[in-house]
Amino acid sequence: MTTVDARSINPDVEAIRHHYEVGNDLYRLILGPTMMYSGGYWEDGEDLVATLDEAQERKLDVFTDLAHAAHTAKVLDIGCGWGTMLNRLTTVHGVTRAVGVTLSRTQADFITALDNPAIEARVESWEDHHHDGQPYDAAFCINALEHFVLSSLTPKERTQRYRVFFKQVHSLLKPGARFVLHTMTVENPPLRRQLLDDLKFLQREEFEGCHIPRLPELATGLDGLFEVTEIRNEPESFARACRAWLHHLATRRTEALTLADETTVARFERYLDIFAYTLEDHIFNNFRVTLTRRP
C-alpha cells in the first residue's frame with residue numbers, strides 16, 4: 001500500500017473526492033448517458049449537444065485503435081471514471097477483461113452496477129496497482145493524470161513523480177504494448193488578473209493541490225521507457241465537451257439543485273466555464289499521446 005511518506009507528495013485523496021463524489025446522478029445530468037468526462041470527437045456539422053454521446057464514443061473507438069487494444073486479453077484504464085471505456089472495450093471491441101483504477105468510491109459503485117462481468121473497478125491509487133502475474137496488453141489514462149502530482153512540489157520533484165508514474169505504467173505493460181495518454185498541459189499562462197483568479201480557484205478550491213503538467217515534465221518522465229508513437233494537441237475537443245456540459249447544466253439547473261446544493265452547482269458552472277475558455281484560448285493544451293513500451 002502507499003506509505004504515509006508517499007501520500008505526503010500526492011494530492012490529498014479527500015480533495016479529489018471533493019470533486020468526484022458529489023453524486024452520480026448529478027454527473028449523469030451534466031455528462032449525459034455516456035458518463036464520459038473528457039473531450040469528444042465531433043464531425044463537421046454535428047450539433048454540439050445532440051451528438052455529445054456519439055462524439056464521446058467516437059473518441060473511445062479512436063483511442064482503442066491507437067492502443068491496438070481490440071480483441072486483446074487484458075486492458076487497464078488508469079483513472080477510469082465511471083467505466084465508460086472499460087464497458088466499451090469489452091462490449092464493442094472484444095476485450096476479454098478490462099480493469100480500472102479510481103480513487104472515487106461512487107465511481108466504483110457505478111461501475112459495479114453496470115453488471116458487466118468482464119470489467120473490474122478497484123478503489124486504489126495508480127501507485128498501488130499491480131497486475132496479477134500477467135501484464136496488460138494495453139493501457140489508457142484519459143484526463144486523469146492532472147490529479148496525480150502535487151502542485152506544491154518543486155519542479156524537480158514534480159518531474160521525479162512523473163518519472164515514477166511512467167515507470168509504474170511500464171511495469172504493468174507487456175513489451176511493445178501501447179499506452180494512450182490524454183492530458184491537459186499548461187506552459188506559461190498570460191498574467192491577466194481574471195485568469196490568475198480563475199487558476200487559483202481551480203488549484204485551491206475545485207482541484208486542491210493538483211498540478212496540470214508541463215509537456216517537458218512528461219517528456220523527461222517517459223524518456224527511455226516509452227517511444228512516442230504519436231502526439232497531437234486537441235484542446236477544442238475538450239472545450240466543446242465543456243460547452244455541451246454547461247448547456248446540460250443550464251437547461252436542467254432546477255433539477256440539478258434537487259441533486260446538489262447551490263454552492264456545488266455554482267462550483268461546477270464556474271470550473272467548466274474556466275476550462276472551456278482556457279482551452280479555447282489555448283492557455284491550456286489537451287494532448288493525445290500514444291506511447292509504445294520499450295523493452
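## Aromatic pairs

Two rings of Phe, Tyr or Trp (its six-membered ring) form a pair if their centres lie within 6.5 Å; planes under 30 degrees apart make the pair stacked, over 60 edge-to-face, and the rest tilted. By this rule there are 23 aromatic pairs. Tyr20 and Tyr27 are stacked, because their ring centres are 6.4 Å apart and their planes meet at 10°. Tyr20 is buried (under 20% relative accessible area, with a 1.4 Å probe and protein chains only), at 12%. Tyr27 is also buried, at 0%.

Tyr37 and Trp245 form a tilted pair, with 5.4 Å between centres and 55° between planes. Tyr37 is in the loop between α3 and α4 and Trp245 is in helix α10 (residues 235-251), so this pair ties together parts 208 residues apart in sequence. Both residues are buried. Ring pairs join these residues into a cluster with others, including Trp82, Phe207 and Phe284.

## Basis of the model

The model is predicted: local features need pLDDT of at least 70 and side-chain atom pairs pLDDT 80 or more, while totals for chains, interfaces and linings use all residues. Residues are numbered from 1 along each chain as its sequence is written, and side-chain values use heavy atoms, leaving out hydrogens and water.

## Charges over rings

A charge sits over a ring if NZ of Lys or CZ of Arg is within 6 Å of the ring centre and within 35 degrees of the ring normal. Lys59 has its charged end over the ring of Phe63, 5.7 Å from the centre. Arg270 lies over the face of Phe201, 4.3 Å from the ring centre.

Note on methods:
Buried means under 20% relative accessible area, exposed over 50%, partly exposed in between (1.4 Å probe, protein chains only). Helices (H or I, at least four residues) and strands (E, at least two) are DSSP runs, numbered from the N terminus.
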